[in-house]
Structures are given as C-alpha cells and as structure tokens.
Amino acid sequence: MSVNEAVGQTVGTSEQCQFLNVPQVARRLGMSASKVRRNIRQGLIPAYDLSWGTGRPTYGVKPADLEQLLAKNCHRVEVAK
C-alpha cells in the first residue's frame with residue numbers, strides 16, 4: 001500500500017491500540033503536531049484515518065511505518081554526504 005492510499009482509510013477500534021497518535025509522532029520526529037498533520041495530508045508520512053467518520057480526521061501511524069520512514073530518510077542523508 002502506498003503512502004497516499006493509506007491516508008483516508010478507516011480502521012476498526014480493535015486496531016487503534018497499534019497506532020501512534022499525531023503528538024507521539026511529532027515527539028519522535030522532533031517537529032510540531034501541525035507539521036506532522038500537514039506531512040500526513042501531503043502523503044509524506046503514512047497514516048490511517050481513525051475518526052470513524054466524525055468529520056475531522058484523527059490520524060494514526062503504525063510504529064513500523066514510522067521506523068521504516070526514519071530508516072529510509074537516514075539512509076538518504078548518509079548518501080547525500
């Protein structure tokens with residue numbers, strides 16, 4: 001599943017405990033929560049919509065997806081040196 005396909009998909013509550021919320025992702029990435037949300041909307045951070053159709057998206061990020069993203073970006077920095 002591509003990053004863009006992940007955004008907007010609704011996931012059941014039984015799976016919510018497997019996700020990081022936006023503030024948790026922001027702390028791990030060292031950026032603001034608003035920047036994390038913007039990156040999710042732009043498809044730069046893979047996320048799932050956990051809002052259950054309440055109108056405003058509640059994003060969840062799988063820890064494995066975040067780790068993969070971090071590893072991929074760290075590799076790019078090393079290659080660019």
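A residue counts as partly exposed when its relative accessible area lies between the buried limit, under 20%, and the exposed limit, over 50%. Because the relative accessible area of Arg28 is 48%, Arg28 falls in that partly exposed class. The views below are all taken from a predicted model.

**View 1. Overall arrangement of the four helices and two strands of the protein.** Read along the sequence, the elements of this predicted model follow the pattern α-α-α-β-β-α. Of the 81 residues in the protein, 30% are buried. Among the contacts between residues at least 6 apart in sequence, 56% join residues at least 24 apart. The protein exposes about 5,400 Å², and carbon and sulfur atoms supply 51% of this area.

**View 2. The salt bridge between Arg28 and Glu67.** The structure holds one salt bridge, in which the closest N and O atoms of Arg28 and Glu67 are 4.0 Å apart. Arg28 lies in helix H2 and Glu67 in helix H4, so the pair ties together parts that are 39 residues apart in sequence. Side chains of opposite charge can pair when their charged atoms come close. Glu67 has a relative accessibility of 43% and therefore counts as partly exposed, and Arg28, at 48%, is partly exposed as well.

View 3. The buried residues of H2 are Val22, Val25 and Ala26. Because these residues cover an arc of only 100° around the axis, they are placed on the same side of H2. An α-helix has 3.6 residues a turn, so residues three or four places apart point the same way. Pro23, which is also found in helix H2 (residues 22–29), is partly exposed, with a relative accessible area of 37%. The C-alpha atom of Pro23 is separated by 5.5 Å from that of Ala33, although the two residues are ten apart along the chain. Just after H2, Gly30 takes a positive phi of about 70°.

**View 4. The largest nonpolar core, made up of twelve residues.** The members of this core are Leu20, Val22, Val25, Ala26, Val36, Ile40, Ile45, Ala47, Tyr59, Val61, Leu66 and Leu69. At least two residues of the core are supplied by each of H2, helix H3 (33–41) and helix H4 (63–80), and the largest share, three residues, comes from H2. When neighbours within four places in sequence are left aside, Val25 is in contact with Leu20, Val36, Val61 and Leu66, and these contact partners are also listed among the members of the core.

**View 5. Asp65, a buried charged residue without a salt bridge.** Asp65 has its place in helix H4. The nearest side chain of opposite charge, that of Lys62, is 5.6 Å away from Asp65, and a salt bridge would require a side-chain nitrogen of Lys or Arg within 4 Å of a carboxyl oxygen. Not counting residues up to four places away in sequence, Asp65 touches Pro46 and Tyr48.

View 6. Asn39 has a relative accessibility of 12% and so counts as buried. Leaving aside neighbours within four places in sequence, Asn39 is in contact with Met31, Leu44 and Ile45.

Note on methods: Residues are numbered from 1 along each chain as its sequence is written. This is a predicted model: local features need pLDDT of at least 70, side-chain atom pairs count only at pLDDT 80 or more; totals for chains, interfaces and linings use all residues. Side-chain values use heavy atoms; hydrogens and water are left out. Buried means under 20% relative accessible area, exposed over 50%, partly exposed in between (1.4 Å probe, protein chains only). The arc is that of the directions from the helix axis to the C-beta atoms. A nonpolar core is a set of buried Ala, Val, Leu, Ile, Met, Phe, Trp, Tyr and Cys residues joined through side-chain atoms within 4.5 Å. Contact means heavy atoms within 4.5 Å. Lys and Arg count as positive and Asp and Glu as negative; His and the chain ends are not counted. Accessible areas come from the Shrake-Rupley method with a 1.4 Å probe; for residues, only the protein chains shown count as cover.
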